[in-house]
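Hi,

Here is the structure I promised to hand over. Have it open while you read, and I'll go through what turned up below.

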Amino acid sequence: IFIKDISGFEKIESMPGISRIGLDVLMDEIKEIYDLGIKSIAIFPVVDGSKKDEKGNESYNESNLVCTAIRDIKKNFPDMVIIADVALDPYTSHGHDGIYHDNYVLNDETIEILIKQSLSLAKAGADILAPSDMMDGRVGLIRNALENNNYKNTIILSYAAKFSSGFYGPFRNAVNSASNLGDNSKSTYQMDYANSDEALHEVALDIKEGADIVMVKPGMPYLDIIFRIKEVFKIPTFAYQVSGEYAMISQAISNGLLDKKVMLESLLSLKRAGADAILTYAAKEISKEL
Ligand code: PBG
């Protein structure tokens, strides 16, 4: 769910059927999702340019858009499980997931802010924190901070195997980070998609640091990675059918090029590979079909 400081819905051109949603209609949307039997949502803020800066300081403001939405949802739907992304890209003026300096993201300085962001999200009521930033060592440090601040039941879903993928394009349009990022890539901190062993290495580190769940992202082009992780670690493994995959399939369906059944076929391939849960923009449609 993309939330924005607007009233009503704003269509996302790059993602058919998906909108940015204002807080005034968010509860109706959540009710619809809840009634469809979906037990968990991931929530992403679209942040006004005036609130962005070099260090993403708005990310830990306890009354920012995402914290406000989480509090509202938890008040009205206490058993809806909320997944909140931990990363700075919605909040930085340059669109990177961390503090950017001399063509590099500063790992340790970024983690200091990610910890503050995590605590604000946990305080607002997020059940699952999902670090998607890919800094080294952040899972352990976030876990410590949660323990020390008495958020002992907050779950960490680590985007452990997150590849530097072109399939995130529509998402970056959806959250308006694409124009900030320009031609810069995230390849200094996201993984090289030519390398599969590194994914296992990253997962091993994240488990050791205290991750409860690991995520593979994107989904369908990375089925081998899901399969290997599940085989080796037997840890809850989630797959993210990302914006580009969703856009590709749903555009082909709406053009009449493919039958609408291919969405379910694609999601089942993730399940077959070993995914315990799937994050998808098609959740509403698919649960109607199921
Ligand atoms: C940000 C983040 C991204 C996605 C989820 N969290 C984008 C990125 O890394 O640039 C992508 C999701 C999608 O494409 O659906 N840290």
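**What turned up, starting with a loop**

Let's begin at S164, which sits in the loop between strand 9 (155-162) and helix 5 (169-174). Before going on, please keep in mind that this is a predicted model.

Is S164 buried or exposed? With a relative accessible area of 17%, S164 falls under the 20% cut-off, so it counts as buried. Leaving out residues up to four places away in sequence, S164 touches K186, S187, Q190, M191 and Y193.

**The nonpolar core**

In soluble globular proteins, nonpolar side chains tend to be buried together. Here the largest nonpolar core has 93 residues. F2, L26, I70, I73, L121 and Y240 are the ones with the most contacts inside this core. Which helix gives the most to it? That would be helix 3 (residues 107-124), which supplies seven residues.

Take I70 for a closer look. Setting aside neighbours within four places in sequence, I70 is in contact with I43, I82, A84, L121, A124, G125 and A126. One of these partners, L121, is also on the list of residues with the most contacts in the core.

**Around the ligand**

You can pick out some polar atom pairs here:

- R172 has a polar side-chain atom 2.6 Å from an oxygen atom of the ligand.
- K217 has a polar side-chain atom 3.4 Å from a nitrogen atom of the ligand.
- Y240, which you met in the core, has a polar side-chain atom 3.4 Å from an oxygen atom of the ligand.

How much of the ligand does the protein cover? On its own the ligand has 400 Å² of accessible area, and the protein covers 100% of that.

K217 has something else to show: the peptide bond from K217 to P218 is cis, with omega near -10°. P218 itself is in the loop between strand 10 (213-217) and helix 8 (223-233).

Strand 8 (residues 128-131) has both faces covered. On one side are I128 and A130, on the other L129 and P131, and all of them are buried.

Strand 8 has partners too. Strand 5 (residues 81-86) runs parallel to strand 8 and is joined to it by four bridges, with I83 standing opposite I128. Strand 9 also runs parallel to strand 8, joined by two bridges. There, the bridge partner of I128 is I155.

**From strand 8 into helix 4**

M134 lies in the loop between strand 8 and helix 4. Its phi is positive, about 70°, although M134 is not a glycine. M134 is also buried, since its relative accessible area is 5%.

Which residues of helix 4 (residues 138-148) are buried? They are R138, V139, G140, I142, R143, A145 and L146. Their cover includes strand 5, helix 3, strand 8, strand 9 and helix 7 (197-209). After helix 4 comes N150, with a positive phi near 70°.

Now try N103, in the loop between strand 6 (100-101) and strand 7 (104-105). N103 has a positive phi as well, near 65°, and is not a glycine. Because its relative accessibility is 58%, N103 counts as exposed, whereas M134 is buried.

**Two buried alanines**

A239 lies in strand 11 (residues 237-240) and counts as buried because its relative accessibility is 0%. Not counting residues up to four places away in sequence, A239 touches M215, V216, I226, L270, A275, A277, I278 and L279. How far is A239 from G49? The two are 190 residues apart along the chain, and their C-alpha atoms are separated by 31 Å.

A282 lies in the loop between strand 12 (277-279) and helix 11 (283-289). A282 is buried as well, with a relative accessible area of 0%. Leaving out the residues up to four places away in sequence, A282 touches Y246 and M263. From A282 to I21 there are 261 residues in sequence, but 16 Å in space, C-alpha to C-alpha.

Cheers

Methods:
Residues numbered from 1 in each chain as written. Predicted model: local features only at pLDDT ≥ 70, side-chain atom pairs only at ≥ 80, totals over all residues. Heavy atoms only, no water. Core = buried A, V, L, I, M, F, W, Y, C linked by side-chain atoms within 4.5 Å. Buried < 20%, exposed > 50% of the residue type's maximum accessible area, 1.4 Å probe, protein only. Contact = heavy atoms within 4.5 Å. Polar contact = N/O pair within 3.5 Å; in protein donor to acceptor, adjacent residues only side chain to side chain. Areas by Shrake-Rupley, 256 points an atom, 1.4 Å probe, with all protein chains shown as cover. Pairing = 2+ DSSP bridges.
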